[in-house]
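Hi everyone, thanks for coming. Let me put the structure up on the screen, and then we'll walk through it together.

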Amino acid sequence: MNTIAFPQLGIELTIKRFFEIFGFRIYWYGVIIALGFVLALAYIMWRGAKFKVKQDDVIDCALVAMPLAIIGCRVMYVACNWDEFKGHFVDVFKIWEGGIAIYGGLILAILGVYFVCRYKKINFWNFADIAILGVLIGQIIGRWGNFVNGEAYGIDVENFFLGMSINGGVDVHPIFLYESLWNLIGFVILHFWSRKRRFYGQIFLGYVAWYGIGRGLIEGIRAENVLTVSMFGTDIRISQVIAFVSALVAVGFLAYKLLFTDRADPIFLLNKEEAAAFRAEEKAARLAAKNGEDKEPVEEDAEECEEPEVSEEPRESEASGEQQKTEE
């Protein structure tokens with residue numbers, strides 16, 4: 001149980017970390033993470049048709065990405081905080097008590113989704129553009145699991161209107177809140193930016209740039225023990241290095257693609273009628289497969305599957321031409 005207060009706002013909450021059902025403990029941390037996953041999946045399923053992404057493919061990728069993300073998050077956290085687990089190896093598996101590192105989960109989940117897309121002949125970069133928006137939703141919600149656990153806090157701060165105290169301690173920066181709000185702003189920006197893409201992977205790169213900048217800045221005021229590396233005569237947090245380097249690389253790719261490539265063929269989302277038609281074709285194909293009927297794939301889908309990844313010319317092949325419709 002934690003008592004978390006925002007003294008300058010006159011707010012004080014006593015939060016139990018779990019509740020019980022039929023004698024079983026259900027931790028709020030896990031419930032919040034699960035809620036973030038469900039909302040993320042619902043968003044991707046809702047907008048998927050506009051990106052010409054099939055619901056079955058979304059589910060297949062989610063079934064691979066979710067466990068890999070959990071494993072990656074935990075492995076990276078344990079690696080960066082090994083002193084905390086020395087002599088207590090069993091605690092490594094107690095993820096419900098908190099302690100995850102998002103970059104480990106992202107890396108492993110992205111690799112898993114990439115191989116699923118290769119296997120199913122899906123355009124990975126197009127799928128990544130919609131999937132990463134779902135990731136942002138998961139992060140916005142998931143950070144509140146840190147709030148319940150009384151973790152992910154920053155350095156001491158005095159007389160700051162958002163100063164947070166944990167169990168009567170000194171006021172600290174509520175960095176879980178900063179990151180949740182930063183991700184919320186990023187989601188709104190990228191959601192509307194996704195309506196008119198210039199190339200596949202644009203929204204994904206936008207996420208990497210936005211999140212990397214925010215995470216790098218926020219990590220600078222984190223109070224908890226973190227893994228560091230010596231660079232330029234000083235100790236720099238590894239999470240900051242990853243954040244800023246990934247953001248720099250993403251900004252570089254975005255600048256090149258947006259400034260120095262052909263602007264003739266922007267990739268618009270499908271409009272409502274086209275998205276509905278796509279979903280109807282998908283449903284018909286699913287029913288045909290269920291009934292054991294042989295049905296050739298829709299020509300448009302086949303062309304999209306054959307499309308190379310984002311590294312090719314800015315016209316993005318025939319599939320991009322089929323998507324040049326404005327979202328209503």
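So, how many residues are in the largest nonpolar core, and which of them have the most contacts inside it? Before I answer, please keep in mind that this is a predicted model. The largest nonpolar core has 51 residues, and Phe 127 and Tyr 207 have the most contacts inside it.

Where do those residues come from? The elements that give two or more residues to this core are α1 (28-47), α2 (55-80), α4, α5, α6 (175-193), α7 (202-219) and α8 (238-260). The largest share is from α5, with 11 residues.

Let's look at Tyr 207. Leaving aside residues up to four places away in sequence, Tyr 207 touches Leu 106, Ile 132, Val 135, Leu 136, Gln 139, Leu 190 and Gly 212.

There is also a second, separate core of 16 residues, with Phe 6, Ile 32, Met 164 and Tyr 178 among them.

Helix α4 covers residues 102-120 and helix α5 covers residues 124-149. Their axes are 11 Å apart, and the two pack at an angle of about 150°. Angles over 145 degrees count as roughly antiparallel, so that is how α4 and α5 run relative to each other. The crossing of α4 past α5 is right-handed.

Which residues meet there? From α4 we have Ile 102, Leu 106, Ile 110, Val 113, Tyr 114 and Cys 117, and they meet Phe 124, Phe 127, Val 135 and Gln 139 in α5. Sorted by class, this contact has 9 nonpolar residues, 1 polar and no charged ones.

Technical notes
Residues numbered from 1 in each chain as written. Predicted model: local features only at pLDDT ≥ 70, side-chain atom pairs only at ≥ 80, totals over all residues. Heavy atoms only, no water. Axes fitted to C-alpha atoms, helices over the stretch in contact; angles between N-to-C directions. Helix = DSSP H or I, 4+ residues; strand = E, 2+ residues; numbered from the N terminus. Parallel < 35°, antiparallel > 145°, perpendicular 65-115°, else oblique. Left-handed = near helix turned anticlockwise from the far one by under 90°. Contact = heavy atoms within 4.5 Å. Nonpolar A, V, L, I, M, F, W, Y, C, P; charged D, E, K, R; others polar. Core = buried A, V, L, I, M, F, W, Y, C linked by side-chain atoms within 4.5 Å. Buried < 20%, exposed > 50% of the residue type's maximum accessible area, 1.4 Å probe, protein only.
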